[in-house]
Amino acid sequence: MNKNVILLLFTLLFSLATRAEVKPDSTSIKILLTGASFAEKSNSWFEMGCEQLGAIPLNRAKGGEAIANTANRMYEGVLYTKEELEEIDAFVIMQVHNRDVYEDSQIKPAYTDYQMPIDRSNYAAAYDYVIKRYLSDCYNLKFDKNSRYYGSLTGKPALVVLCTDWHDARTLYNESVRKLAAKWGFPLVEFDKYAGFSKNQLHPVTGAQTSLIYSTDKQVIDGVTYGWHPLRGRHQPVQQRMAAVFADLMHKLLLVK
């Protein structure tokens, strides 16, 4: 057989074998997360959840921040780049301070109606800015000649996912974020229902809230002491449970194989 033919066959076989080792398309999924101390990388639930999905995590959470900080970072154009916006498959919001994020007395018709920078005086208004800004940014890609969504009917499909707190003690936030999710028709990661911690039952040995065993500090809500920040790290059961709850919902939403 001609040496050139043999070389060509060998090159073709090597190419096919190399392609067979490439990870599935699910690795191209990108998920953006915004949040504060419960969501930053040292927790690990988001990163572990993305690993279960074969997705790329874009974690922009910062301890000490609130939803107003997310709004201001979007206004400044630093929460995500134009290139990242093109690739983001889901935008997950985990700003879970025990505040009302649904109350609509200061809600504006468009995100451009808000005076920026926005402050922390109204969490519902800040949430509204973030949601409307992201949906608008995605839709407006249809007018961008440099976007792959240019000229499309709907622009970039936008998936916004909201989250509850990691347990059910923050009733003001958890109840209002459920209303907000229903208002927009958004999916909700219900950590408070499925991570295994309930304010309704005390631990049989300690006689206190179970959440205290899995936290580094305490908080008092309505006169009752609960766990505040969950123990962090990949080896912590609370982070593993949160990762599983998150991955289960995202698996269904993104049709991951």
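Here are some notes on how this chain is put together.

1. Before you start, remember that this is a predicted model: local features need pLDDT of at least 70 and side-chain atom pairs count only at pLDDT 80 or more, while totals for chains, interfaces and linings use all residues. Residues are numbered from 1 along each chain as its sequence is written, and side-chain values use heavy atoms, with hydrogens and water left out.

2. The overall picture: the chain has eight helices and seven strands, taken as DSSP runs numbered from the N terminus (helices are H or I with at least four residues, strands are E with at least two). Of its 257 residues, 49% count as buried, meaning under 20% relative accessible area with a 1.4 Å probe and protein chains only (exposed is over 50%, partly exposed in between).

3. Now the core. The largest nonpolar core has 71 residues, and Ile31, Trp45, Met94, Leu162 and Phe246 touch the most other members. Such a core is a set of buried Ala, Val, Leu, Ile, Met, Phe, Trp, Tyr and Cys residues joined through side-chain atoms within 4.5 Å. Leaving aside neighbours within four places in sequence, Ile31 is in contact (heavy atoms within 4.5 Å) with residues including Phe46, Leu53, Val92, Phe246 and Met250.

4. Take a look at helix 2 (residues 45–53) and helix 8 (residues 237–254), whose axes come within 8 Å and cross at roughly 45 degrees. Axes here are lines fitted to C-alpha atoms, for helices over the stretch in contact, and angles run from 0 to 180 degrees between N-to-C directions. The two helices are therefore oblique to each other; under 35 degrees counts as roughly parallel, over 145 as roughly antiparallel, 65 to 115 as roughly perpendicular and the rest as oblique. Among the residues making the contact are Trp45, Phe46 and Leu53 of helix 2 and Phe246 and Met250 of helix 8.

5. Compare that with helix 5 (residues 123–139) and helix 6 (residues 171–184): their axes come within 13 Å and cross at roughly 30 degrees, so this pair is roughly parallel. The contact involves Tyr127, Asp128, Ile131, Lys132 and Leu135 of helix 5, with Tyr173, Leu180, Lys183 and Trp184 on helix 6.

6. Don't skip helix 3 (residues 67–76), which is mostly covered, with seven of its 10 residues buried. Arg73 and Asn72 are among the buried ones, along with Ile67 and Met74. The cover includes strand 1 (30–35), strand 3 (88–94) and helix 5. Just after helix 3, Gly77 takes a positive phi of about 80 degrees.
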